Amino acid sequence: MVQSDAPVVRRATEADIEDMVRVLALAFESDDPIEDYVFPDPVVRRRRAPGMLRVLIKHRYLPADGALVAEVDDRIAGVSLWIPDGYRNPAWREAISGPQLLWAMGAGATKRGMEVDAAIARTAPAEPHNYLVYLGAEPQAQRAGVGRALLARLTAESDAHGRALCGICKDENVVYYEAVNFEQVGRTRIGSSGPDMNFLLRPPTRVSAG
């Protein structure tokens, strides 16, 4: 696909949910260790991952103001989702989203998804931080600057609030993040038998008052 415009990054809204689900489901459909662990069967993954993403976006990331989309030619081509510093989902929202996630994912995948959440909580640094969970572009928009545009916006916002930015990624993506000043500071395993992932941290850059 030929892109005529540079990506335009903006805050996501509820009206964007279906496009966000489409982008992320395609972006993580294959060759992603965490998605492979949560949904080991590719057929089940294609059927159930969109429902999981829909619930997470609606009940976790949008309420936290932790969602950006990148548009190319007026089409949503990329998505980033993160947990802002200090945010905790209200108990009432967890009570609503929990059964919806179980229905969307199935019991086994829900348990493995909880192991992913535990790994995120375990690796979260003590200093103020935003925790990047999803950064993806639809296949035809990959390697076209969509992910970099989303990451640039998020790093700028993190810097403006004096927050580190961190996340976990597979081995093949370490170089991508190191190119934008992330440091590989450790590794973590998902659950007891899941994949080993790299934990990366980008300290905040001081924003000039001038």
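Where is the place of aspartate 65? I looked there to open the notebook, and aspartate 65 turned up in the loop between α3 and β2. Helices here are DSSP runs of H or I with at least four residues, strands are runs of E with at least two, and both are numbered from the N terminus.

**Ground rules.** I am working with a predicted model, where local features need pLDDT of at least 70, side-chain atom pairs count only at pLDDT 80 or more, and totals for chains, interfaces and linings use all residues. Residues are numbered from 1 along each chain as its sequence is written, and side-chain values use heavy atoms, with hydrogens and water left out.

**Entry 1: two aspartates.** I checked the backbone of aspartate 65 and found a positive phi of about 60°, although this residue is not a glycine. Most residues other than glycine have a negative phi. I then noted a relative accessible area of 42% for aspartate 65, which makes it partly exposed; buried means under 20%, exposed over 50% and partly exposed in between, with a 1.4 Å probe and protein chains only. Aspartate 73 also went on my list, with a positive phi near 55°. Aspartate 73 lies in the loop between β2 and β3, and at 34% relative accessibility it counts as partly exposed.

**Entry 2: strand β2.** I went on to residues 67-72, the strand β2, and found 6 of the 6 residues buried, so the strand is largely enclosed by the rest of the structure. Ala67, Val69 and Glu71 point one way, while Leu68, Ala70 and Val72 point the other way.

Next I looked up the neighbours, counting two strands as paired if DSSP finds at least two bridges between them. With β1 (residues 8-11), β2 pairs in the antiparallel sense over 4 bridges. With β3 (residues 75-83), the pairing is antiparallel over 6 bridges. I picked out glutamate 71: it is the bridge partner of valine 8, and it stands opposite isoleucine 76 in β3. I also wrote down that β2 and β3 form a hairpin with 2 residues between them.

**Entry 3: helix α4.** How far apart are the end C-alpha atoms of α4? I found 20 Å for this helix of 15 residues (91-105), which agrees with the 21 Å it should span; the expected span is 1.5 Å times one less than the number of residues. I listed Arg93, Ser97, Leu101, Ala104 and Met105 as its buried residues. They pack against α2 (33-38), α3 (42-61) and α5 (107-123), where contact means heavy atoms within 4.5 Å. Last, I noted that glycine 106 follows α4 and has a positive phi, near 90°.
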